[in-house]
Amino acid sequence: MKVFSILILTFGFSVVHAQNKAAGKTDAVVASVGARNITLSEFNKKYNDVKSTSINPPTRAIFLEDLVRFEVGVQEAEKKKIEQDPIVKERIRQEIYKGLIEKELGPEVQKIQVSDSEMESWYKNYPEIRISHILTEFKIGATPEQIADAKKRAQEILAEVKKSNRPFEELAKLYSDDTLTNKSGGDIGWQSKVTIVPSIYDPALQLKVGEYKGLVESPFGFHIIKLTGKKAFKDANKKQIRTALFDEKRKKSFDNYFNGLKKRYTIKTNPAALNQ
């Protein structure tokens with residue numbers, strides 16, 4: 001983790017600085033901006049940190065100019081009292097929050113491991129599936145009347161799907177509002193728990209290959225969905241599975257931390273106000 005690397009570097013240079021001091025050596029000043037001196041050890045610490053995280057790091061001379069510009073900018077901002085600006089205040093609050101998370105939860109997150117057996121077990125519940133759909137769209141911000149009209153039309157299409165002898169793919173070409181997929185018979189390809197909204201993934205997961213279901217509502221409209229494939233674990237995207245499991249474990253760490261932390265504070269919420 002970056003903070004850990006910085007701490008190691010800081011410790012290392014503190015030792016070097018102490019050794020130099022003991023030997024009668026002084027820490028050279030590589031630049032001065034007003035009353036602020038940038039020492040060689042400070043420069044080296046920051047430059048080495050940049051080199052360790054950059055593919056194409058700047059030269060030492062260019063980086064020194066960057067440090068000078070940074071210091072000039074900070075001092076100018078302090079003169080103008082930029083820290084009092086509401087936008088800057090909010091950014092400072094966000095950085096403080098990030099710093100807390102990195103310090104308190106960073107070491108725990110670093111220790112998270114995901115085993116192959118955990119991945120296989122997780123995949124049994126959340127496999128990759130292939131879905132086709134017929135979408136009856138309503139726009140974001142649609143009125144209740146517009147949504148009702150879209151639902152009525154979707155119900156009429158569903159009735160046609162149920163009684164028609166035509167293949168689902170042909171009906172998708174005729175009726176679906178999804179211009180990206182209707183030409184391919186409504187096929188939206190292989191999807192997983194992390195690549196498609198739950199309102200489509202969850203009901204599709206309950207189907208057998210070849211079955212369809214409707215109506216399913218999502219933020220995009222009303223869908224008639226058909227399950228066309230289910231991928232075996234050996235063929236699945238292992239990197240995606242590992243990432244999903246890692247994110248779940250990380251979320252659990254965050255939840256545990258904040259559930260404990262919130263007990264120290266008086267907190268009141270007003271969910272009813274969200275609907276005003």
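1. Let me start with helix H7, residues 168-175, whose buried residues are Phe-168, Leu-171 and Ala-172. Buried here means under 20% relative accessible area, exposed means over 50%, and partly exposed lies in between (1.4 Å probe, protein chains only). These three cover an arc of only 105 degrees around the axis, which puts them on the same side of H7; the arc is taken from the directions from the helix axis to the C-beta atoms. An α-helix has 3.6 residues a turn, so residues three or four places apart point the same way. Helices (H or I, at least four residues) and strands (E, at least two) are DSSP runs, numbered from the N terminus.

2. A word on the source: this is a predicted model, in which local features need pLDDT of at least 70 and side-chain atom pairs count only at pLDDT 80 or more, while totals for chains, interfaces and linings use all residues. Residues are numbered from 1 along each chain as its sequence is written, and side-chain values use heavy atoms, with hydrogens and water left out.

3. What covers the buried residues of H7? The cover includes strand S3 (129-137), helix H6 (144-163), strand S5 (212-218) and strand S6 (221-230). Leaving aside residues up to four places away in sequence, Ala-172 touches His-133, Ile-134, Asn-182, Gly-185 and Gly-186, where contact means heavy atoms within 4.5 Å. From Ala-172 to Leu-135 the C-alpha to C-alpha distance is 8.1 Å, although they are 37 residues apart in sequence.

4. H6 and H7 pack at an angle of about 150 degrees, and their axes are 11 Å apart. That makes H6 roughly antiparallel to H7; angles under 35 degrees count as roughly parallel, over 145 as roughly antiparallel, 65 to 115 as roughly perpendicular and the rest as oblique. Axes are lines fitted to C-alpha atoms, for helices over the stretch in contact, and angles run from 0 to 180 degrees between N-to-C directions. Arg-153, Ile-157, Glu-160 and Val-161 of H6 make the contact with Phe-168, Leu-171 and Tyr-175 of H7. By class, that contact has five nonpolar, no polar and two charged residues. Ala, Val, Leu, Ile, Met, Phe, Trp, Tyr, Cys and Pro count as nonpolar, Asp, Glu, Lys and Arg as charged, and the others, Gly among them, as polar.

5. Helix H5 (residues 116-125) and helix H9 (residues 238-262) pack at about 95 degrees, with axes 10 Å apart. They are therefore roughly perpendicular to each other. The contact of H5 with H9 has six nonpolar, no polar and six charged residues.

6. Helix H2 (residues 40-53) meets H3 at an angle of about 110 degrees, with their axes 11 Å apart, which makes H2 roughly perpendicular to H3. Seven nonpolar, one polar and two charged residues form this contact.

7. Two backbone details deserve a look. Most residues other than glycine have a negative phi, and most peptide bonds are trans. The peptide bond from Gly-214 to Leu-215 is cis, with omega near -5 degrees, and Leu-215 is found in strand S5. Lys-81 has a positive phi of about 55 degrees although it is not a glycine. Lys-81 sits in the loop between helix H3 (60-79) and helix H4 (86-110) and, at 54% relative accessibility, counts as exposed.
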